[in-house]
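User: Hi! I have a structure open and would like to walk through it with you. Could you help me get my bearings?

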Amino acid sequence: MKRIICLFLFAVLSLSFAKANKHAELKFFAADDPHIQYVGRMDVSNPQVPRFWAPGVYITAKFKGAKCVMLINDEAAGTNHNYLEIVIDGNNPYRVKLTGKINELSVPDGLSAGEHTLLICKDTESNTGYIDFLGLKCEKLLPLPAKPKRKIEYFGDSITSGTGMDQSEVPCGKGQWHDQHNAYMSYGARTSRNLDAQWQLTAQAGIGLVHSCCDMNMVMPRIFDKVYFRGDTIAWNFDKYIPDVVTICLGQNDGPKQDSAYFCSAYINFIKAIRKHYPKADIVCLTSPMGDESLRGVIQRYLTAIAGNLNASGDKKVYKYFFSRQYHNGCDGHPDMEEHKLIAGELTAYIKQLKSW
């Protein structure tokens, strides 16, 4: 009997030691490790702690082993809180709400001891707060394939950033306004994944071309060259990301009663400012997917005039696309999750035809 008890205790201790030893085998890989890839506007003044505010910024890595821990600091911990979208091995994404200033997030249990890919995407708005990425703890980091060669950048407002679309955990009208944000599932990120392209969401809720809502004292042409949109700070180095296609989805916050000459002139100047940084990109001007009939008609007339003016003056790579209908079943009249999929379907087909992708 004593022998059996001893054997049992030995087995328990061995198992506990094995688990502890397995955890001890995890190594820390700092954020500047060359095996970690980044896409999006970041402040990398400290390369070991890249900081980002923009929705849709994403990080990818490939690791070996059944366990991986993500080390992430959140400026917004408390009443405000950032959300992340996590994707393992290209499977269904899951959403994580950050709950503290310092966060250690483990991938779900049950992974094999083999090789796995990891994607981390910031779901929430610039004004929800920044995220600092410190690195990963895992058995080993492995080389990733090269990033997709195709690149798209999406300029826009709350629609483009994925506001009000995800009601999977918190319904409309409950919680905080950013509880329904999901940049990873927004139409831009979806369109890029459909086309095997990188994405960058240069988007801020409430922003307009000449008039913003919600007492915001800035417009897109003022902040389009920044890393931190809501703070209008930290100059962005456009050489870090040269898109093949640029889309502009503005006008919802400007409304239908803007002076047409003023609006069109400002839009043309904005495109010219973008063109200085991206001389070869195709620039596609979009109607607002959530715009009602009144706004839709106005914006269609404006975009027709804008594209025509620029084409006539020699810029033949400016185009317009009008969404087929209004998408507004999410929170506060925004498109919901399924509608973002439909919007992405429309835009995917258009860009595919435009670029022969």
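**Strands, loops and rings**

Analyst: Happy to, and here is a spot to start from: F52 stands opposite I131 in β9. Keep in mind that this is a predicted model.

User: Which strand joins β9 there, and by how many bridges?

Analyst: That is β3, residues 51-52, which runs antiparallel to β9 and is joined to it by two bridges.

User: What about β4, how many bridges join it to β9?

Analyst: There are 10 bridges between β4 (residues 58-74) and β9, and these strands run antiparallel. One place to look is K62, whose bridge partner in β9 is L142.

User: And β1, is its pairing with β9 parallel or antiparallel?

Analyst: Antiparallel, over four bridges, with β1 covering residues 27-30 and β9 covering residues 131-142. Within that pairing, F29 has L136 as its bridge partner.

User: Let's move to the parallel sheet. What is the strand order?

Analyst: The order is β11-β10-β14-β15-β16, an open sheet of five strands with parallel pairing. β11 (197-203) and β16 (318-321) each have a single partner strand, so they stand at the edges with one side left without a neighbour in the sheet. From one strand to the next, the twist averages 20°.

User: Can you zoom in on β14 and β15? How many bridges do they pair over?

Analyst: Four bridges, in the parallel sense, between residues 245-249 of β14 and residues 282-286 of β15. For a landmark, I248 has C285 of β15 as its bridge partner.

User: Which strands does helix α5 touch?

Analyst: α5 (residues 260-277) packs on the sheet and touches β10 (150-156), β14, β15 and β16. The direction of α5 makes about 150° with that of β15.

User: And where does α6 lie?

Analyst: Helix α6, residues 293-312, lies across β15 and β16, and it runs at about 165° to β16.

User: Switching to aromatics: how many pairs does a search of the whole structure find?

Analyst: It finds 15 aromatic pairs. One of them is F155 with F270: the ring centres are 5.8 Å apart and the planes are at 85°, so this pair is edge-to-face. F155 belongs to strand β10 and F270 to helix α5, so the pair ties together parts that are 115 residues apart in sequence.

User: Are those two buried or exposed?

Analyst: F155 is buried, and so is F270. They also belong to one aromatic cluster, together with F224, F238 and Y278.

User: What about Y184 and W199, how do their rings sit?

Analyst: The centres are 6.0 Å apart and the planes are at 65°, so this pair is edge-to-face. Y184 is in the loop between α2 and α3 while W199 is in strand β11, so the pair ties together parts that are 15 residues apart in sequence. Y184 counts as buried at 8% relative accessibility, and W199 counts as buried at 3%.

User: Which residue lies over the face of Y184?

Analyst: R193 does, at 3.7 Å from the ring centre. Elsewhere, the charged end of K151 sits over the ring of Y241, 5.4 Å from its centre.

User: Now N182. Is it buried or exposed?

Analyst: N182 is buried, with a relative accessible area of 1%. It lies in the loop between α2 (158-161) and α3. The N182 side chain reaches the backbone nitrogen of M185 at 3.1 Å. Not counting residues up to four places away in sequence, N182 touches several others, including E85, R95, D123 and M337.

User: What can you tell me about phi at D89 and D196?

Analyst: Phi is near 55° for D89, a positive value in a residue other than glycine. D196 has a positive phi too, near 50°. For background, most residues other than glycine have a negative phi.

User: Where are those two found?

Analyst: D89 is in the loop between β5 (83-88) and β6 (94-97), and counts as partly exposed at 32% relative accessibility. D196 is in the loop between α3 (187-194) and β11, and counts as exposed at 52%.

User: Last one: what is W357 in contact with?

Analyst: Leaving aside neighbours within four places in sequence, the contacts of W357 include R150, I152, L195 and V245. W357 and L195 are 162 residues apart in sequence, with their C-alpha atoms 7.3 Å apart in space. W357 lies in the segment after α7 (337-355) and counts as partly exposed, at 22% relative accessibility.

Technical notes:
Residues are numbered from 1 along each chain as its sequence is written. This is a predicted model: local features need pLDDT of at least 70, side-chain atom pairs count only at pLDDT 80 or more; totals for chains, interfaces and linings use all residues. Side-chain values use heavy atoms; hydrogens and water are left out. Two strands pair if DSSP finds at least two bridges between them. Axes are lines fitted to C-alpha atoms, for helices over the stretch in contact, and angles run from 0 to 180 degrees between N-to-C directions. Contact means heavy atoms within 4.5 Å. Buried means under 20% relative accessible area, exposed over 50%, partly exposed in between (1.4 Å probe, protein chains only). A polar contact is a pair of N or O atoms within 3.5 Å; within protein, one must be able to donate a hydrogen and the other to accept it, and residues adjacent in sequence count only if both atoms are side-chain atoms. Rings of Phe, Tyr and Trp (its six-membered ring) pair if their centres lie within 6.5 Å; planes under 30 degrees apart count as stacked, over 60 as edge-to-face and the rest as tilted. A charge sits over a ring if NZ of Lys or CZ of Arg is within 6 Å of the ring centre and within 35 degrees of the ring normal.
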